[in-house]
Amino acid sequence: GFPMGRSGFTFQDHLSLWDTLTGDGILLTAYGDSDTHGAKGFFDSNNFVGYLYAEEPGEEAFMHSMKAGNIYTGDPVYLQSIKVSFGDDNNHPMGSVVYTDTPIRACLSLEGIQEEMTLVWNVNGKDMEPVTISGDYCGAVEIPIEGRVNFARAALYHKDRCIMMTNPIHA
């Protein structure tokens, strides 16, 4: 889905479907990509891009990170000054599947936020209470072990528009 929705489905509809599939054990890596055909609308509509973590430049490192889900997606207009780091408290990067029978903590760090934004954690398909943030943020949520697949992801909103979302940590 696109941040402004697509084909009659809202962005939230797409996230709900993704959460349902994830909870059922169908693990898909989210990747945002612009559908803008030219500059018109790029700065205020469907302009998501993928931010991939790779140890070095090159196709092999790119493919490794894509397969691992070590990518977040968002609006480059807002994210140009924000550094995002997401993983668990044992240094597993986003996209990881952590095999455990005890809860783990998903950890998010945001550096360089210039204006007030809203962070929404999602744990096992349920949105947590929104958190208003400005400036740097470092926080965590516990991923309880309660279903077949357990997970946490985070989304950052500017006003009512999602500008960044992580891929989940799975447990």
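I started with Lys 159, which turns up in the loop between strand E9 (151-158) and strand E10 (161-166); strands here are DSSP runs of at least two residues, numbered from the N terminus. This is a predicted model, where local features need pLDDT of at least 70, side-chain atom pairs count only at pLDDT 80 or more, and totals for chains, interfaces and linings use all residues. Residues are numbered from 1 along each chain as its sequence is written, and side-chain values use heavy atoms, with hydrogens and water left out.

**Positive phi**

Lys 159 is not a glycine, yet its phi is positive, about 60 degrees. I checked its cover too: Lys 159 is exposed at 68% relative accessible area (buried is under 20%, exposed over 50%, partly exposed in between, with a 1.4 Å probe and protein chains only).

Next came Asn 124, another non-glycine with a positive phi, about 50 degrees. Asn 124 sits in the loop between strand E5 (117-123) and strand E6 (126-127). Asn 124 is buried, at 15%.

**Cysteines**

I looked for disulfides (pairs of cysteine sulfur atoms within 2.5 Å) and found 0. For Cys 107, the nearest cysteine sulfur belongs to Cys 138, 7.0 Å away, so Cys 107 is in no disulfide. Cys 107 is partly exposed at 24%, while Cys 162 is buried at 3%.

**Tyr 99**

Last, I looked up Tyr 99, in the loop between strand E3 (83-88) and strand E4 (104-111). Tyr 99 counts as exposed, with 76% relative accessibility. Together with Leu 27 and Val 97, Tyr 99 makes a nonpolar surface patch of about 340 Å² accessible area (Shrake-Rupley method, 1.4 Å probe, only the protein chains shown counting as cover for residues). Patch residues have over 30% relative accessible area and no salt bridge; nonpolar side chains (Val, Leu, Ile, Met, Phe, Trp, Tyr) are joined within 5 Å, like charges within 9 Å. A salt bridge is a side-chain nitrogen of Lys or Arg within 4 Å of a carboxyl oxygen of Asp or Glu.

Definitions and conventions
Helix = DSSP H or I, 4+ residues; strand = E, 2+ residues; numbered from the N terminus.
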